[in-house]
Amino acid sequence: MPSQINHIGIAVHDIEEAAKFYTEQLGLTLGGVEEVVDQKVKVAFLPIGEIRIELIQPTSPESPIAKYLEKNGPGIHHIAYQVEDTGEVVEKLIGQGVRMVDQQPRKGAHDTLIAFVHPKASGGVLTELVQETGEH
Ligand code: ZN
């Protein structure tokens with residue numbers, strides 16, 4: 001069962017460029033930029049209250065985010081729900097016949113275990129499950 005929204009993922013062409021609105025206009029603070037090699041993306045988090053805005057930039061034309069940007073342009077890409085145990089939730093959803101992008105959890109940015117629900121199963125909203133495994 002998700003306990004809260006963990007972050008909102010926003011697809012961007014360039015993190016530094018896109019972050020300006022959030023830092024200079026809204027006054028948020030940009031956290032460190034991290035590369036997620038197997039997704040071929042760089043991500044940066046902007047904490048706000050209990051949640052974070054996640055800016056996602058492709059590092060290769062092969063990246064799913066590059067394909068997303070090509071099709072849709074920059075904008076909201078996914079909503080991430082925080083769960084205690086990604087594996088358990090994935091198993092439960094699969095048991096309920098929910099179509100998943102990820103059949104099992106994989107490593108996300110910043111010490112997390114993540115899995116994506118297929119947008120066809122969630123009304124067109126790409127939905128991420130995220131379990132925080134690191135220190136905070
Ligand atoms: Zn995310």
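Q: How much space lies in the largest pocket?
A: The model here is predicted. In this model, about 580 Å³ of space lies in the largest pocket.

Q: What makes a residue part of the lining of the largest pocket, and which residues lie nearest its centre?
A: A lining residue has an atom within 4 Å of a pocket point. For the largest pocket, 33 residues line the space. Nearest its centre lie Ile 65, His 77, His 78, Phe 116 and Leu 126.

Q: Which elements give two or more residues to that lining?
A: Strands S3 (41-48), S4 (51-58), S5 (75-82), S6 (106-108), S7 (112-117) and S8 (127-132) do, along with helix H2 (64-72). The largest share, 6 residues, comes from H2.

Q: How do the residues of this lining divide into nonpolar, polar and charged?
A: There are 18 nonpolar, 8 polar and 7 charged residues in the lining of the largest pocket.

Q: What volume does the second largest pocket have?
A: Its volume is about 180 Å³. The second largest pocket is lined by 13 residues, and Pro 2, Val 89, Leu 93, Val 117 and Leu 129 are the closest to its centre. Helix H3 (86-95) and S8 each give two or more residues to this lining. H3 supplies the largest share, 3 residues. By class, the lining has 9 nonpolar, 3 polar and 1 charged residues.

Q: In what order do the strands of the open sheet stand?
A: The order is S2-S3-S4-S1-S5-S8-S7-S6, with 8 strands and mixed pairing.

Q: Why is one side of S2 and of S6 left without a neighbour in the sheet?
A: Strand S2 (33-36) and S6 stand at the edges. Each has a single partner strand, so one side of each has no neighbour in the sheet. From one strand to the next, the twist averages 35 degrees.

Q: How do you know that S2 and S3 pair?
A: Pairing requires at least two bridges between two strands. S2 and S3 have 4 bridges, in the antiparallel sense. Therefore they count as a pair. Val 33 has Ala 44 in S3 as its bridge partner.

Q: Which strands do helices H1 and H2 lie across?
A: Helix H1 (residues 15-25) lies across strand S1 (4-11), S2, S3 and S4. H1 runs at about 155 degrees to S4. H2 lies across S1, S3, S4 and S5, and runs at about 90 degrees to S4.

Q: What is the phi of Lys 40, and where is Lys 40 found?
A: Phi of Lys 40 is near 55 degrees, a positive value in a residue other than glycine. Lys 40 sits in the loop between S2 and S3. Most residues other than glycine have a negative phi.

Q: Why is Lys 40 called partly exposed?
A: Buried means under 20% and exposed means over 50%, with partly exposed in between. Lys 40 has a relative accessible area of 35%, so the label is partly exposed.

Q: What of Asp 111?
A: Asp 111 has a positive phi of about 55 degrees although it is not a glycine. Its place is in the loop between S6 and S7. With a relative accessible area of 44%, Asp 111 is partly exposed too.

Q: Why is Gln 82 called buried?
A: The cut-off for buried is under 20%. Gln 82 has a relative accessible area of 19%, so Gln 82 counts as buried. Gln 82 is in strand S5. Among the residues that Gln 82 touches are Met 1, Pro 2, Val 130 and Glu 132.

Terms used: Residues numbered from 1 in each chain as written. Predicted model: local features only at pLDDT ≥ 70, side-chain atom pairs only at ≥ 80, totals over all residues. Heavy atoms only, no water. 1 Å grid on protein atoms, 1.4 Å probe; cavity = no way out; pocket = protein on both sides within 12 Å on 5 of 7 lines; lining within 4 Å. Points joined across faces, edges and corners; volume = space filled by probe spheres on them. Nonpolar A, V, L, I, M, F, W, Y, C, P; charged D, E, K, R; others polar. Axes fitted to C-alpha atoms, helices over the stretch in contact; angles between N-to-C directions. Contact = heavy atoms within 4.5 Å. Buried < 20%, exposed > 50% of the residue type's maximum accessible area, 1.4 Å probe, protein only. Lists of a residue's contacts leave out its neighbours within four places in sequence.
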